[in-house]
Amino acid sequence: MSVKIQEITNKDLLEVEQLYCKSIAQNPDGFIQRLDLLPNIKDFILTTKKQGGNFFSLRLEEEIIGMCGLIKKDDLVVELCKFHIKDIYQGRGFGGKMLDFVQEYAKIKGYKKLILHVSKSQERAITLYKKYLFKITSEEICEVILQETIYTYPTLFMEKIL
């Protein structure tokens, strides 16, 4: 079983978009689940890269089964975002492989801290982050107003010193 993590390229964008859309649809309690209100993931990836961040895919054989991004916050801090593993592959160690990779990548790039936020409904993700020694720094109710509708999400903010 060949597992490979690599930078997302333009040729990966359609497959990554399909993974992202399916993952969002399967998590009704997570952050804003209406894809029509979210930024286009392809544009988000390209913009993140232009701003000094990066996005990675996790491949099993030739299939993309996971993705995540790193958004540069400043020269020392990077934010983990859009972390998704296909549901049928969750709980099998692939999320850990992805976290190991992005943490090492962030260290090599000179970052000292990795931050993230996660909705409290995503218990499996929180368990994974805690296993990888992320510490909860705060808990908030995040409000997002889109098209005159207020969406509220109980959210954990976490960090790890690299």
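A salt bridge is a side-chain nitrogen of Lys or Arg within 4 Å of a carboxyl oxygen of Asp or Glu. The model is predicted, with local features needing pLDDT of at least 70 and side-chain atom pairs counting only at pLDDT 80 or more, while totals for chains, interfaces and linings use all residues. Residues are numbered from 1 along each chain as its sequence is written, and side-chain values use heavy atoms, leaving out hydrogens and water.

**Salt bridges**
- The structure holds nine salt bridges.
- One of them pairs K49 with E7, whose closest N and O atoms are 3.4 Å apart.
- Because K49 belongs to helix α2 and E7 to strand β1 (residues 3-7), this pair ties together parts 42 residues apart in sequence; helices (H or I, at least four residues) and strands (E, at least two) are DSSP runs, numbered from the N terminus.
- R59 forms a salt bridge with D12, with closest N and O atoms 2.6 Å apart.
- R59 and D12 are both buried (buried means under 20% relative accessible area, exposed over 50%, partly exposed in between, with a 1.4 Å probe and protein chains only).

**Helix α2**
- In helix α2 (residues 41-50), the buried residues are I41, I45 and T48.
- These buried residues fall within an arc of 65° seen down the axis of α2, so they line one face of the helix; the arc is that of the directions from the helix axis to the C-beta atoms.
- Just after α2, G52 takes a positive phi of about 95°.
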